[in-house]
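Let's walk through a structure together, one feature at a time. Bring your questions about how to read each one.

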Amino acid sequence: MAVRLQLAIDAPEHFALIPRVGRYFDIIEVGTPVLKRFGLAAISTVRELGADTPVLADTKTADGGSLEAEMVFAAGAAMMTVLAHASPATRRDTDEVARRYGREVVLDTILDGELDVEPLLDGRAPQDVWLALHSPSDARRAGLGNEDHIDRVAQRRARGFRVSLAGGIGRANLARALEVAPDIVVIGSGVTEATDPEGEAAWIRAQVDLSTPGT
């Protein structure tokens, strides 16, 4: 299966990049800071700018799962995130709403990459569960980040989970990220802070396509 590319939009000025680079991505993420600043309007704005490219709302939901899911899915998001450390009740409530809308929930392990993921199944098959292996941006900026999240992809994929890989992925480590074959690779500052965002997005897209037989 082809790797999907996700663009993370985390600042107001990134909206202007979507018409320029959106065509290179399969999913556009409305990042948590943008959601907090602009609310649900950010979802509809990204959908309009991105020519209806599927939108992930990075809500990082920790509680109130059904309420937040109703809001973001009704606003047009195709996916949303829930913290993997949220209660089982929150995970179940969010999933129930997602199923009703025909949308998907991604469980973000940002707080604990070594988390025991088996309880996250909640009675489902692994292939029905999305895990985000996520390296925190603050830790990376503080020089405390690493690439352990890349190393964990193969293990989670072997168990059957669908895996989204996020945090610090760009030109320097893209080849390594593609080697472990996540289902989704999330690119943020690698494009949004590039000197030539459009050129960088085109290059990343080309590398992803080259890594996938038949593309």
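Predicted model: local features only at pLDDT ≥ 70, side-chain atom pairs only at ≥ 80, totals over all residues.

**Reading contacts, burial and charge pairs**

Q: Which residues does Tyr24 touch, not counting residues up to four places away in sequence?

A: Contact here means heavy atoms within 4.5 Å. By that test Tyr24 touches Leu5, Glu198, Ala201, Ala202 and Arg205, with residues up to four places away in sequence not counted. Residues are numbered from 1 along each chain as its sequence is written, and side-chain values use heavy atoms, with hydrogens and water left out.

Q: Where is Tyr24, and is Tyr24 buried or exposed?

A: Tyr24 sits in the loop between H1 and S2; helices (H or I, at least four residues) and strands (E, at least two) are DSSP runs, numbered from the N terminus. Buried means under 20% relative accessible area, exposed over 50%, and partly exposed in between (1.4 Å probe, protein chains only). With a relative accessible area of 16%, Tyr24 is buried. For a sense of distance, the C-alpha atoms of Tyr24 and Ser135 are separated by 23 Å, and the two residues are 111 apart along the chain.

Q: How do I read a salt bridge, and how many are there in the whole structure?

A: Side chains of opposite charge can pair when their charged atoms come close. The cut-off used is a side-chain nitrogen of Lys or Arg within 4 Å of a carboxyl oxygen of Asp or Glu. A search of the whole structure turns up 14 salt bridges. One of them links Arg205 with Asp26, with the closest N and O atoms 3.1 Å apart. Arg205 lies in helix H11 (residues 197-211) and Asp26 in the loop between helix H1 (18-21) and S2, so this pair ties together parts that are 179 residues apart in sequence. Arg205 counts as buried at 15% relative accessibility, whereas Asp26 is partly exposed at 28%.

Q: What parts does the pair of Arg159 and Glu118 tie together?

A: Their side chains meet in a salt bridge at 2.8 Å, N to O. Arg159 is in helix H8 (residues 153-159) and Glu118 in the loop between strand S5 (104-108) and strand S6 (130-134), so parts that are 41 residues apart in sequence are tied together. Arg159 is partly exposed, at a relative accessible area of 38%, and Glu118 is partly exposed too, at 33%.

Q: Which backbone oxygen lies 2.7 Å from a polar atom of the Thr53 side chain?

A: The backbone oxygen of Gly50 does. Thr53 is in the loop between H3 and S3 and is buried, with a relative accessible area of 13%. Leaving aside neighbours within four places in sequence, Thr53 is in contact with Phe25, Asp26, Ile27 and Ile28.

Q: What about a charged residue that is buried yet has no salt bridge?

A: Take Glu29, in strand S2 (residues 27-30). Lys and Arg count as positive and Asp and Glu as negative, with His and the chain ends not counted. Glu29 is buried and has no salt bridge; the nearest side chain of opposite charge, Lys60, is 5.6 Å away. Among the residues that Glu29 touches are Leu7, Ile9, Leu56 and Val186.

Key: Polar contact = N/O pair within 3.5 Å; in protein donor to acceptor, adjacent residues only side chain to side chain.
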